[in-house]
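Visitor: Please take me closely through one part of this model. I would like to look at a single sheet and the loop inside it.

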Amino acid sequence: MADHDQPTPQPQQVGVDRRKLLQISVQACGFAAAASGSYVVLNYMAPLPEGLGEQDVAIQENELKPGTALQVLHKGKPVLIVRDSSGGLHALSAICTHLGCLVKWSEEQSKIECPCHGAQFALDGKVLGGPAPEALAEIPVGVEHGVIRLGGPS
Ligand code: FES
């Protein structure tokens with residue numbers, strides 16, 4: 001029998017068709033986007049680990065310019081320290097009383113805002129608007145030898 005009588009072997013079709021590959025790629029991208037988004041949200045809303053910030057916070061007074069704010073840990077809890085435009089210091093719990101998101105100082109609005117559902121607070125912690133049921137807790141703050149201290153001067 002001559003070689004030319006044998007059928008030529010066809011390359012075996014291996015692999016995934018393009019449509020299936022595209023579906024898998026889109027699903028993988030969707031999963032990755034959902035996972036990274038969930039991580040950001042959960043990390044933002046997660047309680048801070050106990051044990052951090054057990055000592056009183058000590059910040060150089062000149063680090064906080066009028067109209068700006070710093071977020072620090074005090075006794076394991078996030079605290080927002082705001083220096084108002086006239087130089088006064090205010091320290092408040094940075095945990096929104098609605099559902100526990102971290103509040104932020106808005107220099108443009110001169111008030112504290114919650115990015116989650118829009119609660120707004122005054123510098124004394126009182127609720128100005130939004131769904132927050134209670135004021136932010138005030139933390140005693142003072143300056144001692146040019147250092148801002150929470151919990152008042154010692
Ligand atoms: S958690 Fe702040 S307004 Fe809802």
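Guide: Start with a definition. Two strands pair if DSSP finds at least two bridges between them. Strands themselves are DSSP runs of E, at least two residues long, and they are numbered from the N terminus. The model is predicted, so local features need pLDDT of at least 70, side-chain atom pairs count only at pLDDT 80 or more, and totals for chains, interfaces and linings use all residues. Residues are numbered from 1 along each chain as its sequence is written.

Now the sheet. It is open and has three strands, in the order β2-β3-β4. The pairing is antiparallel. Two strands sit at the edges: β2 (69–74) and β4 (89–93). Each of these edge strands pairs on one side only. Neighbouring strands are turned by 25° against each other on average, direction ignored. For such angles, axes are lines fitted to C-alpha atoms, and angles run from 0 to 180 degrees between N-to-C directions.

Look at β3 next, residues 77–83. Five bridges join β3 to β4, and the two run antiparallel. Take Val82: its bridge partner in β4 is His90.

Then move to the loop between β2 and β3, where Lys75 lies. Lys75 is not a glycine, yet its phi is positive, about 55°. How many other C-beta atoms lie within 10 Å of Lys75? There are 14, and Lys75 is partly exposed. The cut-offs use C-beta atoms placed from the backbone: a residue is buried with 20 or more others within 10 Å of its own, exposed with 12 or fewer, and partly exposed in between.

How values were computed
Helix = DSSP H or I, 4+ residues; strand = E, 2+ residues; numbered from the N terminus.
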